[in-house]
Amino acid sequence: MKNSRRDFLQKLAASAAAFPFLSSYDVLADGGLKPITSSQGPTLRVALMGLGGYASRVAEAMQSCKRAKITGLISGTPNKLSDWGDRFGVPEQSRYNYENFDRIKDNPNIDAVYVITPNALHHDQVMRVAKAGKHAICEKPMALNATEGQEMVDACAKAGVKLLVGYRMHFEPKTVEVVRMRTAGEFGKIKFFQGQCGFRIGDPSQWRLDRDLAGGGAMMDIGIYAINGSRYMVGEEPVWVTAQETKTDPVKFKEGVDETILFQLGFPSGAVASCLSTYNMNYLDRFFLNGEKGFAEMQPSTGYGPIKGRTNKGELTQPHVTHQTLQMDEMAGIILDGNTAIVPVDGNEGLKDLKIIDAIYRACATGTKQELHLV
Ligand code: NDP
């Protein structure tokens with residue numbers, strides 16, 4: 001065990017230049033990786049914006065955070081502001097609506113705003129958060145396209161605030177362990193990744209099926225996990241993409257709302273990825289990574305967990321931690337302590353996924369291979 005740990009550290013040191021993002025971790029006795037955010041230190045004071053389904057999950061999970069707490073609320077629904085305010089102890093002067101939330105700039109009890117609204121609203125809301133001088137955490141997809149994403153990255157840089165994307169899997173222990181094994185060379189040269197992400201979507205009147213609010217269909221919502229996953233599992237940025245769309249229900253999935261897209265990515269090393277994004281099939285939450293010396297298989301791979309997986313060396317046994325609790329504690333470390341995430345969660349990471357999404361839609365529309373320039 002000691003030898004394999006030393007081997008890992010030597011390999012990791014040797015590959016540090018190739019994988020500069022692997023810099024903020026503790027190596028555990030079993031060789032696993034643990035993000036290094038200390039449970040000690042200042043608390044990140046967060047205003048939640050958009051008090052819907054996912055914000056409820058985040059709010060509950062944040063009750064167990066050591067480094068992050070809810071100190072503000074932003075909602076278009078007055079009774080949610082009073083209910084959530086009472087429930088999470090947020091005083092009236094820290095409750096805002098979408099018209100007046102620019103006033104958070106004068107609120108010393110809010111460090112960051114977590115934007116958890118429909119996709120089309122992310123861009124303008126993050127721009128306003130940056131203008132108010134607060135850090136922005138934004139749900140995926142960070143925006144509707146790369147042009148919007150670039151504007152958000154630039155605005156946050158100009159305002160001197162951080163922009164992070166709610167990529168909770170980047171902190172998930174089994175995922176981090178697979179990334180560590182890959183980085184340490186335990187799978188050998190990576191050849192292939194397969195990401196299958198989808199579910200059968202219900203209520204046809206929901207915003208996820210409204211092109212104006214969602215910016216697309218399954219790709220914006222669930223396919224993005226396969227895009228993002230191919231990048232952190234393969235450990236390279238893709239240089240081309242091809243994609244094909246199929247639609248079996250044009251009434252439910254209107255023009256501009258994708259039902260099912262198959263896409264393929266090519267990486268500089270020669271590795272390839274084959275992925276599926278769909279709103280029309282259940283039981284699709286699977287990653288498979290293949291290398292010359294081994295493999296990793298995760299199913300479920302991106303759901304709320306517990307994540308399950310195995311490699312050629314056996315079961316992944318890292319403990320389940322509520323994803324959003326871990327994410328918010330780690331994001332506190334990134335924002336307040338200047339930590340670097342094991343797999344980045346900054347605005348540029350979100351922007352790269354948007355560039356790939358733009359290219360996938362172009363590939364579907366034109367039937368041609370699209371070059372990608374992400375680095
Ligand atoms: P919901 O529909 O459940 O909630 C969205 C909330 O946004 C609403 O409740 C509402 O809150 C507010 N809102 C503001 N304007 C509108 C509008 N025009 N239409 C509808 N709602 C509006 O969506 P989710 O919580 O499921 O998704 C929100 C975001 O979170 C999306 O970007 C999604 O992709 C992301 N997400 C991420 C997940 C992850 O695992 N990382 C999982 C699920 C979602 P209010 O009444 O307070 O204004």
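Predicted model: local features only at pLDDT ≥ 70, side-chain atom pairs only at ≥ 80, totals over all residues.
A salt bridge is a side-chain nitrogen of Lys or Arg within 4 Å of a carboxyl oxygen of Asp or Glu.

**Asp86 and Arg95**
- The side chains of Asp86 and Arg95 form a salt bridge, with 3.3 Å from N to O.
- Asp86 is exposed, because its relative accessibility of 60% lies over the 50% cut-off.
- Arg95 is buried, because its relative accessibility of 18% lies under the 20% cut-off.

**Arg180 and Glu177, in helix α6**
- A salt bridge joins the side chains of Arg180 and Glu177, at 2.9 Å from N to O.
- Helix α6 covers residues 173-183 and holds both partners.
- Arg180 and Glu177 are three residues apart in this helix, so about one helical turn separates them.
- Arg180 is buried, with 6% relative accessible area.
- Glu177 also counts as buried, at 8% relative accessibility.

**Arg231, Glu237 and their network**
- Arg231 pairs with Glu237 in a salt bridge, and their closest N and O atoms are 2.6 Å apart.
- Arg231 and Glu237 are both buried.
- This pair belongs to one network, in which salt bridges with shared partners join Arg231, Glu237, Glu349, Lys352 and Asp353.

Methods
Residues numbered from 1 in each chain as written. Heavy atoms only, no water. Buried < 20%, exposed > 50% of the residue type's maximum accessible area, 1.4 Å probe, protein only. Helix = DSSP H or I, 4+ residues; strand = E, 2+ residues; numbered from the N terminus.
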